[in-house]
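User: I would like to go through some labels used for this structure and see what each one rests on.

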Amino acid sequence: MLNEIKKLFSERKVKILGDYEKSSVVIFIIEEKGKLYILFEVRALNLSHQPGDISLPGGKIELGEEPKDAAIREAMEELNIEKDDIEMIGEMDYFVSPYNMIIYPFVCKLKRKEIYPNKEEVNHVFKVPLEYFMENEPTNYEVKIVQDFPEDFPYHLIIGGKNYKFRAGKMNQYFYQYNGYVIWGFTALIIKSFVEILKNVAQKNGEH
């Protein structure tokens, strides 16, 4: 048995404990007349999940699919664009949410200027100048994440029972408001992280 354990764990590839839904999103950079913009989608109103919300292009990673491939595939499907319209720049830090989700963001340049999205998934798209995010901090609301136990939870098996000091978490909910659009949730969190990377580099280079 020990030999089997040695063989199993010497060759095993590690993963995050638990079951997570994995998705990829794209921060699309558009260059127009010397200015940079970020592209956003307004989700179709007939969708069963988060209709009308503002999001980045992207979606669920299929079984056996790499996050980068999923990002490109989903962007092509949602925006009705070709692979040649996408220039992959690089990847962001991925985000593990407290809601059993892992999101892999990628940064790409979108070469096509005119976008006619798939109306079944996207109501419309809009773009925001990158400088807006560089110059404006989002509003921030700290949200507590608490454990909600079922009625039959076996408190009697725990020292302290119901008085046990269970851990509670917290997360920040960010909100950007631009021309009537509200960018919030994981989308705002990813954009804020992207902008912070740019600002940190600018500070190191002595830019203002």
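This is a predicted model: local features need pLDDT of at least 70, side-chain atom pairs count only at pLDDT 80 or more; totals for chains, interfaces and linings use all residues.

Analyst: Just after α2, N80 has a positive phi of about 55°.

User: How do you know that the span of helix α2 agrees with its number of residues?

Analyst: The expected span is 1.5 Å times one less than the number of residues. For the 13 residues of α2, residues 67-79, that should give 18 Å, and the end C-alpha atoms are 18 Å apart, so the two agree.

User: Which residues of α2 are called buried, and what makes a residue buried?

Analyst: Buried means under 20% relative accessible area. In α2 the label goes to P67, A70, A71, I72, E74, A75, E78 and L79.

User: What do the buried residues of α2 pack against?

Analyst: They pack against β1 (21-32), β2 (35-43), β4 (58-60), β5 (86-91), β7 (101-110) and β8 (122-129).

User: Why are β1 and β7 called paired?

Analyst: Pairing needs at least two bridges between the strands. β1 and β7 are joined by 9 bridges and run parallel, so they count as a pair. Within this pair, E21 stands opposite M101 in β7.

User: What makes β4 and β2 partners of β1?

Analyst: The cut-off is again at least two bridges. β4 pairs with β1 over 3 bridges in the antiparallel sense, with V25 opposite G58 in β4. β2 pairs with β1 over 4 bridges, also antiparallel, and I30 stands opposite Y37 in β2.

User: Which residue in the hairpin of β1 and β2 takes a positive phi?

Analyst: K33 does, with phi near 50°; the hairpin has 2 residues between the strands.

Technical notes
Residues are numbered from 1 along each chain as its sequence is written. Side-chain values use heavy atoms; hydrogens and water are left out. Buried means under 20% relative accessible area, exposed over 50%, partly exposed in between (1.4 Å probe, protein chains only). Contact means heavy atoms within 4.5 Å.
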